[in-house]
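Thanks for coming, everyone. I would like to walk through a few local features of this model, so please have the sequence and the structure in view.

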Amino acid sequence: MADGYVFYEIALLLALAAAIGLVGHLLKQPLVVAFIATGIVAGPDVLGIVHDAEHIELLAEIGIAVLLFLVGLKLDFQVIRSLGTVSLATGLGQVGFTAIVGYFICLALGLDHVTSLYIAVALTFSSTIIIVKLLSDKREVDSLHGRIAIGFLIVQDIVVVFAMIVLSTLGVGATGSPAGLGIGGTLVAGVVLVGAVALFIRYGAERLLKHISGVPELLVTFALAWAVFFAALCDVIGLGKELGGLIAGVSLASTSYREAIASRLSSLRDFLLLFFFVALGSALRLGTLGDQVFPAIVLSAFVLIGNPLIVLIIMGVLGYRKRIGFFAGLTVAQISEFSLIFMAMGVALGHVAGESIGLVTLVGLVTITLSTYMILYSQRLYAVFEPLIGWAERRDPYREREEHVAEGESVDVILFGVGRYGREIAKVLHGQGLSIVGVDFDPEALERWRKRGLPGIYGDALDPEFPASLPLSSARWAVIATPPPERMGVTHDDNRIVVIQALREAGFSGRIAVRSHDPVDARHLSRAGADIILQPFAEAAERAGERMAEIDARGEPAPVVGVA
């Protein structure tokens, strides 16, 4: 095919991906869904844009190498050692449950044993990229359920690495080594490579990156070349490109430059993965999807319901309240881009038929689409299901014992959110002689607060029963200092509005001050019942302008800056 036509084909794909991506953004969907949809629309059954599959597959392979490089880059041994028992128990418990139950569901659907095993393992992975983005948009990354969810997503990433190592090991000798090493030669080469990487991590990685990091553009070029080089090297010796990308990332994971590399490569990763998802979507034949609709619905329901339920149960057993378990469980109600890569590896090894990756792709479309809304509207979902999940909470949720102000004790101000902004407000009010009690469900933030000698209460203001336990009758003010959602003007699941409503329903008659960063957001809060809107940035800018005007009015000369 002429190179000019390939250029036009790629140009059309990019334009189509941008258009569908915009629609997906308006529908609050992750790019993964838009990219797969792009492949379906560009495929032979709709527009028929994709003709040169070879070029698409080449870009897709580079994208997978970069993706797995970034996964390996996160697997610093210090991070792995820091994983708590909660993350390990929840992550491994969910993976085990999904794999075992999913395997038997696949058998019941008439799939063979090998295909059932592959699909069951693929269903265990959740998308760290999507979940972190959604939690960041809702400003819940640092919340208790957000930190727990990210912890067991790291456990899933480790399971992904293990699964791909197993597949690469099974692939040794199955597809042959381009270098003609044979099984024994491939294993020896692999051991030598791992030893060389270990020495590089110990003696060379930090020093090398220290020299390269002086030129940011060179750091990006080096990281990309490093990922692709290891992918190619491992493919040559028979270990597979996927394992090569992982090893490349692990070799740099212990350096102080890994965050800089990850942030600079993330956009390139998304661009290159477009072609992987386009290749998957274009391979789907709409005429043959009829036979896969029912299995896809069954498996999607299992992921959407079964995964959150097992997390809810495990966290309840571990001593967490049902609310935290519910929100953490919603983060595993979808499958991952790694699920599709895992299935693609199985197809390449000849273990499963091509139809199986189509089935998993359908499950991915359904679960990613629906779970996105489940996470965005988690507060509303919890309000609906809260009466039905009381069984998932122990009589004594000892990891989240709420505290209460001593009976008869009075305070002037109840401060929700004892982060940096909340602490600064407390400093001013305390200096004016007002008594303050801080409320937060972040144990670390509360510990910093108490170190200042201020009374603090561990509790969840979004729990309908909790505000009634606060000294509302004596308080003159309730200050909600928690940050607003990422998307300004969006009122769904806005924790601040939920707290305002809970305070009023509990009989609080004092004034409520709420933090906001945006005029539209401020109007929503005023309509919800806020008496005063606190705007840190606008107020700080106004005060800065006033100080400058005061200095100018006094006629003070500007300082002279000279050279010594």
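Predicted model: local features only at pLDDT ≥ 70, side-chain atom pairs only at ≥ 80, totals over all residues.

Helices α13 and α16 are oblique to each other, because their axes cross at roughly 45°, and oblique covers whatever is left once angles under 35 degrees (roughly parallel), over 145 (roughly antiparallel) and 65 to 115 (roughly perpendicular) are set aside. The axes of α13, residues 290–317, and α16, residues 354–376, come within 9 Å, where axes are lines fitted to C-alpha atoms over the stretch in contact, with angles from 0 to 180 degrees between N-to-C directions.

Residues are numbered from 1 along each chain as its sequence is written, and side-chain values use heavy atoms, leaving out hydrogens and water.

Turning to Arg 423, in helix α18 (residues 420–431), this residue is buried, yet has no salt bridge; buried means under 20% relative accessible area with a 1.4 Å probe, protein chains only, and a salt bridge needs a side-chain nitrogen of Lys or Arg within 4 Å of a carboxyl oxygen of Asp or Glu. The nearest side chain of opposite charge, Glu 424, is 6.0 Å away. Not counting residues up to four places away in sequence, Arg 423 touches Val 418, Arg 448, Trp 449 and Arg 452.

Terms used. Helix = DSSP H or I, 4+ residues; strand = E, 2+ residues; numbered from the N terminus. Buried < 20%, exposed > 50% of the residue type's maximum accessible area, 1.4 Å probe, protein only. Lys, Arg positive; Asp, Glu negative; His and termini not counted. Contact = heavy atoms within 4.5 Å.
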